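Visitor: Please pick a single part of this model and take a close look at it. Then connect that part to the rest.

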Amino acid sequence: LGASPDESAHWEYIAFIAQNWNLPVFRGAVPPAAGYEFHQPPLYYALCAPLWALLPVPLENYAARLVSLLCGLGTLVALFRAGKIAFPDSKIAETAVFFAALSPLHLGVGAGSNNDGLAGMICAWLLFWMAHAWKNGVSRRAALCIGILAALGLYAKTTTLVVSFVALTALLFLT
């Protein structure tokens with residue numbers, strides 16, 4: 001436990017929310033000082049906090065890892081579904097999921113407690129909805145899902161901004 005990069009700092013963020021039921025304030029801490037991950041958007045940590053508050057030590061750590069693992073699974077599901085929409089008559093979707101599932105980065109992100117898995121899953125579902133809109137035309141449902149996912153991405157990790165921008169731009173060009 002805690003061997004994954006910055007995992008202990010992510011747990012500190014979750015524990016702060018679970019104990020105080022509000023968000024921490026980032027005070028410019030640098031690693032390894034306490035609170036150096038407090039600058040991260042709060043969605044992953046807020047999702048983990050109820051589990052953290054309910055479970056005993058060290059089960060709360062494993063619960064936070066389980067959330068990351070489930071996000072990794074959700075990423076693979078979204079990737080598969082997007083691939084099947086874009087390339088319905090080929091094995092591209094299966095091949096993409098195979099390589100993504102065995103990627104050391106994907107495995108590492110899913111095995112540790114961090115907000116990267118949630119951000120990756122949000123981006124994968126944005127890809128799915130872009131493929132859906134491209135293949136079937138822009139529906140209100142697709143536009144709404146892209147908008148909601150783009151907003152959730154901002155609360156998960158700021159690196160989702162690039163994919164959100166591409167998804168929202170694709171909506172403009174597809175309408």
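Close-up and surroundings

Guide: Lys157 is buried, at a relative accessible area of 14%. The term has a cut-off: buried is under 20% relative accessible area, exposed is over 50%, and partly exposed lies in between, with a 1.4 Å probe and protein chains only. The model is a predicted one, where local features need pLDDT of at least 70 and side-chain atom pairs count only at pLDDT 80 or more, while totals for chains, interfaces and linings use all residues. Residues are numbered from 1 along each chain as its sequence is written, and side-chain values use heavy atoms, with hydrogens and water left out.

Lys157 sits in the loop between helix H7 (140–156) and helix H8 (161–174). Helices here are DSSP runs (H or I, at least four residues; strands are E, at least two), numbered from the N terminus.

Now the surroundings. Beyond neighbours within four places in sequence, Lys157 contacts Gln40, Pro41, Asn115, Asp116 and Ala119. Contact means heavy atoms within 4.5 Å. Ala9 gives another reference point: 148 residues from Lys157 in sequence, 15 Å from it C-alpha to C-alpha.

Lys157 and Asp116 join their side chains in a salt bridge, 2.7 Å from N to O. The pair ties together parts 41 residues apart in sequence, because Lys157 is in the loop between H7 and H8 and Asp116 is in helix H6. The cut-off for a salt bridge is a side-chain nitrogen of Lys or Arg within 4 Å of a carboxyl oxygen of Asp or Glu. Side chains of opposite charge can pair when their charged atoms come close. Asp116 itself is partly exposed, with a relative accessible area of 31%.

Follow Asp116 into its helix. H6 covers residues 116–136, which is 21 residues. From first C-alpha to last, H6 reaches 30 Å, close to the expected 30 Å. The expected span is 1.5 Å times one less than the number of residues. After H6 comes Gly137, with a positive phi near 90°.

Asn115 leads elsewhere. It is among the residues that touch His10, together with Pro5, Glu37, Tyr45, Ser113 and Asn114, residues up to four places away in sequence not counted. His10 belongs to helix H1 (residues 7–20). His10 is buried, at a relative accessible area of 4%.

How many salt bridges does the rule give? The count is three. The Glu7 and Arg65 side chains meet at 2.7 Å, N to O. That pair links distant parts of the chain: Glu7 is in helix H1 and Arg65 in helix H3, 58 residues apart. Glu7 and Arg65 are both buried. Glu94 pairs with Lys84, the closest N and O atoms being 2.9 Å apart. Glu94 is in helix H4 (residues 92–102) and Lys84 in helix H3, so this pair ties together parts 10 residues apart in sequence. Glu94 is partly exposed at 29% relative accessibility, and Lys84 is partly exposed at 26%.

Next, the backbone. Two peptide bonds are worth checking. Pro31 and Pro32 are joined by a cis bond, omega about 5°; Pro32 is in the loop between H1 and H2. Val57 to Pro58 is cis, omega near -5°, with Pro58 in the loop between H2 and H3. Asp6 has a positive phi near 65°, in a residue other than glycine. Trp21, also not glycine, has a positive phi near 55°. Asp6 lies in the segment before H1, and Trp21 lies in the loop between H1 and H2. Trp21 counts as exposed because its relative accessibility is 54%.

Finally, the whole chain. It has eight helices and zero strands. The radius of gyration is 17 Å, close to the 16 Å from the globule rule for 175 residues, so the chain is as compact as a globular protein of that length. This radius is taken over C-alpha atoms, and the rule is 2.2 Å times the number of residues to the power 0.38. Along its principal axes the C-alpha trace spans about 50 × 30 × 30 Å. Buried residues, Lys157 among them, make up 42% of the 175. Of the contacts with a separation of 6 or more, 68% join residues 24 or more positions apart.
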